[in-house]
Amino acid sequence: MKYTKDLNLTNFSFWSGAEQHEFTYSELKEIEFCLEDFFHQQPPTETQINDLFWFEEQFLCECIGLDFEQYENR
């Protein structure tokens, strides 16, 4: 059985290393918009979303035009 949920990233329950992300509320809203385009073929799983925030923070910064070095130094 498969089911989907319509969630906002601002309400997403990150776990493990993804809990440590430093994105602001407004940045999460921008990332959400970008990821809708990125995953337009098939909605991502919760694990895929979490892993992006855990392992691909540089990619997420690039998506919203945020300097990764600045992000890391918050």
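Buried means under 20% relative accessible area, exposed means over 50%, and partly exposed lies in between, with a 1.4 Å probe and protein chains only. The views below come from a predicted model, in which local features need pLDDT of at least 70, side-chain atom pairs count only at pLDDT 80 or more, and totals for chains, interfaces and linings use all residues. Residues are numbered from 1 along each chain as its sequence is written, and side-chain values use heavy atoms, with hydrogens and water left out.

**View 1. The buried side of helix α2.** Helices (H or I, at least four residues) are DSSP runs numbered from the N terminus. Helix α2 covers residues 46–55, and its buried residues are I49, N50, L52 and F53. These four lie on the same side of α2, because they cover an arc of only 155° around the axis; the arc is that of the directions from the helix axis to the C-beta atoms. An α-helix has 3.6 residues a turn, so residues three or four places apart point the same way. The buried residues of α2 pack against α1 (25–38) and α3 (57–64).

**View 2. Residue N50.** N50 is found in helix α2 and counts as buried because its relative accessibility is 0%. Leaving aside neighbours within four places in sequence, N50 is in contact (heavy atoms within 4.5 Å) with F12, F14, W15 and A18. The C-alpha atoms of N50 and M1 are separated by 22 Å, and the two residues are 49 apart along the chain.

**View 3. Helix α1 and its two sides.** The 14 residues of α1 should span 20 Å at 1.5 Å a residue, which agrees with its end C-alpha atoms being 20 Å apart; the expected span is 1.5 Å times one less than the number of residues. E27, L28, I31, E32 and L35 are buried in α1. Seen down the axis, these buried residues fall within an arc of 145°, so they line one face of the helix. F33, E36 and D37, on the other side of α1, are exposed. The buried residues of α1 pack against α2 and α3.

**View 4. Where α1 meets α3.** The axes of α1 and α3 come within 9 Å and cross at roughly 95°. Axes are lines fitted to C-alpha atoms, for helices over the stretch in contact, and angles run from 0 to 180 degrees between N-to-C directions. The two helices are therefore roughly perpendicular to each other, a term for angles of 65 to 115 degrees. On α1 the contact is made by E27, E30, I31, C34, L35 and F38, and on α3 by F59, L60, C63 and I64.

Technical notes. Parallel < 35°, antiparallel > 145°, perpendicular 65-115°, else oblique.
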